[in-house]
Amino acid sequence: MTDNSAYLKAAYFTLGCKLNFAETSTIGKMLSQRGISRAAKGETPDICVINTCSVTEMADKKGRRLIRSLASRYPGATIAVTGCYAQLKPEEVAALPGVDIVLGADEKLRMAEYIDSWLADRKKRVEVTPFLDIRRFQPSCERGDRTRYFLKVQDGCDYFCTYCTIPFARGRSRSGTIDDLTAMARAAAEEGGREIVITGVNIGEFGKDNKQSLFELLRRLDDIEGISRYRISSIEPNLLTEEIIRWTASEARAFMPHFHIPLQSGSDKVLRLMNRRYDTSLFRSRIDMIRALIPDAFIGVDIITGARGETQEEWEKSLAFAESLDVTRYHVFPYSERPGTKALQLGDAVTQEEKHRRVGELTRVSDRKTECFMRSSLGQTRPVLWEQPSGDDRMHGLTDNYLRVEAPLRQELINTITDVRLEGIHPSEPEIITASHISS
């Protein structure tokens, strides 16, 4: 690091998933250990680190737009780009104005070293390991400027769903070890962390490469004193075992009544075309089991509309299946054509107009289910972890079952868990509940 590095400031920008956020926070910590501080709001950064997503074409566009905007706003800043977009299209990223460093998935958590080199010689770096050669697991457990910690336990994916580029962007499935990950969780507890979100690309595959298991990891994490809450960011339905659901319902100390499970389609034919590893019957059985054992659980579900092969008939089956499930919220995405995926060889394409019409229908289904769940929660008293305020006179937090709550700011309650009475739905923000009767 150069002599004036202690005076440098960096700004961090994350697009995409919680795993990306965890990794960006780790990069920030590594740079801070080299004397590079985080740029405060309104300050001009010397370094911009951008961690990109590439799950859809829109994600690529957002990445390009952000890079161009930063290059225009901060023409003197070093711009370093990493993440899935950088892994999949490094030459395209490197050609964008102002970009100085482009790093792939295997190089991402060595960002500090590459910035060291850039500051020393100002030579452009483009370093991307081919996805089949990505073997290292690089753990992270950070919270950045947030309240909750994000613990990366697994990376990569071996599923190769026909519509998805993630295996090409992240490499094959690989995991940390239970001993290392529990040590990181203990360190988070010692730093005052109260909640940890368990992140990964395909978390259910944890331990596949080292003869350990996700269930064993969850049990070990649950024993760590000081951590009051855990959440699994997302888990495939075929890997969310009945054993995990029963344990969460009856034995787990700190695992919250909150599940996020990708469905992707409610049509068995489309699921087969997607190369998903379950059918609608298995998916329904998981939802029904959660509802029976944990009635107040928040269940979020990912679903795609307009995939190749989703004819009008299959779309109607998917919509009917989605309407029939007792879930809390759908995260609805229009199918995005991704270069190099097998889905491009499947059936006729659905028009953009029709995709977005279907998105609208499913979004209305989701809105009804979410409102019903929220209204059924009013009058309850539930524990809330209060998060860092965003600068106004209000504070926000999450209940154990993942409802976002707002209350008047009380600074002494930040990063504490208090019981609150859920009073009503926010008049202008329908996904927020207003609270009162805060008790410490």
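**Ground rules**

I number residues from 1 along each chain as its sequence is written. The model is predicted, and local features need pLDDT of at least 70, side-chain atom pairs count only at pLDDT 80 or more, totals for chains, interfaces and linings use all residues, and side-chain values use heavy atoms, with hydrogens and water left out.

**Entry 1: the whole protein**

I began with the secondary structure and found 13 helices and 20 strands in the protein. Helices (H or I, at least four residues) and strands (E, at least two) are DSSP runs, numbered from the N terminus.

I then looked up the extent. The C-alpha atoms fill a box of roughly 60 × 60 × 45 Å along the principal axes. The radius of gyration is 22 Å, which agrees with the value near 22 Å for a compact globule of 440 residues. That radius is taken over C-alpha atoms, and the globule rule is 2.2 Å times the number of residues to the power 0.38.

How much of the protein is buried? Buried residues make up 57% of the 440. Buried means under 20% relative accessible area, exposed over 50%, and partly exposed in between, with a 1.4 Å probe and protein chains only. The accessible surface comes to about 18800 Å², and 48% of that belongs to carbon and sulfur atoms. The areas come from the Shrake-Rupley method with a 1.4 Å probe; for residues, only the protein chains shown count as cover.

I also checked contacts (heavy atoms within 4.5 Å). Of those with a separation of 6 or more, 73% join residues 24 or more positions apart.

**Entry 2: the second largest pocket**

I needed the terms before the search. On a 1 Å grid over the protein atoms alone, a cavity is a set of points where a 1.4 Å probe fits but cannot get out, while a pocket is an open set with protein on both sides within 12 Å along at least five of seven lines; lining residues have an atom within 4 Å of a point. Grid points are joined across faces, edges and corners, and a volume is the space filled by probe spheres set on the points.

The second largest pocket holds about 250 Å³ of space. Its lining includes Tyr-12, Phe-13, Phe-21, Arg-38, Asp-145 and Arg-146. Strand S1 (9-14) and helix H1 (18-33) each supply at least two lining residues. By class I noted three nonpolar, four polar and three charged residues. Ala, Val, Leu, Ile, Met, Phe, Trp, Tyr, Cys and Pro count as nonpolar, Asp, Glu, Lys and Arg as charged, and the others, Gly among them, as polar.

**Entry 3: the cavities**

How many cavities of 30 Å³ or more are there? I count two. The largest cavity has about 90 Å³ of space. Of its 13 lining residues, Ile-232, Phe-255, Met-256, His-258 and Phe-259 are the closest to the centre. Strand S12 (229-232), helix H9 (242-250) and strand S13 (258-264) give two or more residues each to this lining. The lining of the largest cavity divides into nine nonpolar, three polar and one charged.

The second largest cavity has about 50 Å³. Among the residues that line it are Thr-162, Val-270, Ala-307, Arg-308, Tyr-335 and Ala-343. Eight of its lining residues are nonpolar, one is polar and one is charged.

**Entry 4: single residues**

I looked up Leu-344 next, in the loop between strand S15 (329-334) and helix H13 (352-377). Leu-344 is partly exposed because its relative accessibility is 34%. Leaving out residues up to four places away in sequence, Leu-344 touches Arg-308, Tyr-335, Glu-337, Arg-338 and Pro-339.

Ala-169 sits in helix H6 (residues 166-170) and counts as buried at 1% relative accessibility. Beyond four places in sequence, Ala-169 touches Cys-84, Gln-87, Leu-88 and Ala-105.

Last, I noted positive phi values. Arg-122 is not a glycine, yet has a phi of about 55°; Arg-122 lies in the loop between helix H5 (111-121) and strand S6 (125-127) and is partly exposed at 49%. Asn-415 has a phi near 65° and lies in the loop between strand S18 (404-408) and strand S19 (417-425).
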